[in-house]
Every structure is written in C-alpha cells, then in structure tokens.
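Here is a short briefing for a first look at this protein. Start with the overall fold, then turn to the side chains.

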Amino acid sequence: DDNDRQQLEAKAREAATVSGKPVYVFRQILYFLSERRIVSPAYSSLQDMIGKVLTDEQNRMSEILREQLKPSEIQDMKDLLDDTSGLHAITQLKREPSYFSATEIKREVERGVRIRDLYRLSKRVLPALKISNESIKYYASLVGYYSAFRLKRLETWNVYIYLLCFIHHRY
C-alpha cells in the first residue's frame, strides 16, 4: 500500500542521514519491515530505493557544500588531488606512519601543519551537512579505498565531501 511505501522511503531517508553505507540502510529497512510485519518488496525494488535515497543524500550534502565553500577553499580541495611532485597530495596524506622514529613523527607533524586549515574548514562545514560521525568515518574511508586517479573521476562535490571527512578524521 502507498502509505507503507511512503513510510519505508522515509525510514530509508532517515537511515541514509545516519550512515552512507548501503548495507546500513538495507538493514534499517529490513528491521522496519519486520517490526511492522510488512512483507518485503522485491530485492530489486529495495536496491532501487536505497540507491535513490543515497543519491538524494549526496545531492543534499553537495548543495550545502556549494553554499559553504569559498573559491579559495575549493582550490585547496583541488590541490589535494594535484600531482605536483609525482605523488598526489592526498596520497601522501593517506600514508600513516609505519613506526615511530623521529623522522616519521616529524613527517606526521608536517602533514598536520599542511592540513590544519582544511581541518578547520571541515570543523566549520561538516556540522552544516548534519551527518553522523559514522558517516564521516565511512566517507573518510572512501578516500582510503579509491586512488587519487579514481577520485578525480567521481562527482566533484561528492569527492569534496569525502576529502573533508578524510581530513577531519585524519587530523
């Protein structure tokens, strides 16, 4: 019935704001259905619904980001994906120290100094996105998952969200 479908979509939207992970949204939908003893729609229908609510959530966040970022801040985000010294800046930031030698600690401090302004930006912008810490961790993990080459090929504003979450989480 239409009312059940609307309630299910509302639950899916709510879940998408808590976590950007498709499996989380799926589990929340299944819990909602079992709690109300509603027969689950076809798997493909659930896939479509989850894809739509996650896309809508990405679009919502992108719109907020467009309003929040100044041109100089957008350039700072682009600079993370630049290949200036043969290695993308984001690739250098993704590397965590493997041991705690004086050299590694010094390098880590330099990374912190380099991303301090972006961290401050993330502290300003992420609350405006109204996303959970779980989503911040998930979007940050996507920066670790994708290569800089692949990140450049994704939708620009989504990548900026991922980068801000990564910087926030990494700092």
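The protein has nine helices and zero strands. The model is predicted. Along the sequence the pattern reads α-α-α-α-α-α-α-α-α.

**Overall build**
- The protein has 171 residues, and 39% of them are buried.
- Of the contacts between residues at least 6 apart in sequence, 71% join residues at least 24 apart.

**Aromatic rings**
- The count of aromatic pairs is five.
- One of them joins phenylalanine 26 and tyrosine 43 edge-to-face, at 5.9 Å centre to centre and 80° between the planes.
- This pair links distant parts of the chain.
- Phenylalanine 26 is partly exposed at 24% relative accessible area, while tyrosine 43 is exposed at 53%.
- Tyrosine 145 and tyrosine 146 also pair. Their ring centres are 5.1 Å apart and their planes meet at 75°, so this pair is edge-to-face.
- Tyrosine 145 is exposed, with a relative accessible area of 65%.
- Tyr138, Tyr139 and Tyr162 make up one aromatic cluster.
- A charged side chain meets a ring as well: arginine 153 lies over the face of phenylalanine 149, 4.0 Å from the ring centre.

**Salt bridges within a helix**
- The count of salt bridges is 10.
- Arginine 60 and glutamate 57 form one of them, at 2.8 Å from N to O.
- These two residues are three apart in helix α3, so about one helical turn separates them.
- Glutamate 57 is buried at 5% relative accessible area, whereas arginine 60 is partly exposed at 29%.
- Arginine 120 bridges to aspartate 117, with the closest N and O atoms 3.4 Å apart.
- Arginine 120 and aspartate 117 are three residues apart in helix α6, again about one helical turn.
- Aspartate 117 is exposed, at 54% relative accessibility.

**Salt bridges across the chain**
- Glutamate 73 forms a salt bridge with arginine 124, and their closest N and O atoms are 2.9 Å apart.
- This bridge links distant parts of the chain: glutamate 73 in helix α4 (residues 71-80) and arginine 124 in helix α6 (residues 102-129), 51 residues apart.
- Glutamate 73 is buried at 11% relative accessible area, but arginine 124 is partly exposed at 35%.
- Arg13, Lys52 and Asp56 are linked in a network of salt bridges.

Key
Residues numbered from 1 in each chain as written. Predicted model: local features only at pLDDT ≥ 70, side-chain atom pairs only at ≥ 80, totals over all residues. Heavy atoms only, no water. Helix = DSSP H or I, 4+ residues; strand = E, 2+ residues; numbered from the N terminus. Buried < 20%, exposed > 50% of the residue type's maximum accessible area, 1.4 Å probe, protein only. Contact = heavy atoms within 4.5 Å. Phe/Tyr/Trp six-rings, centres within 6.5 Å; stacked < 30°, edge-to-face > 60°. Lys NZ or Arg CZ within 6 Å of the ring centre and 35° of its normal. Salt bridge = Lys/Arg side-chain N within 4 Å of Asp/Glu carboxyl O.
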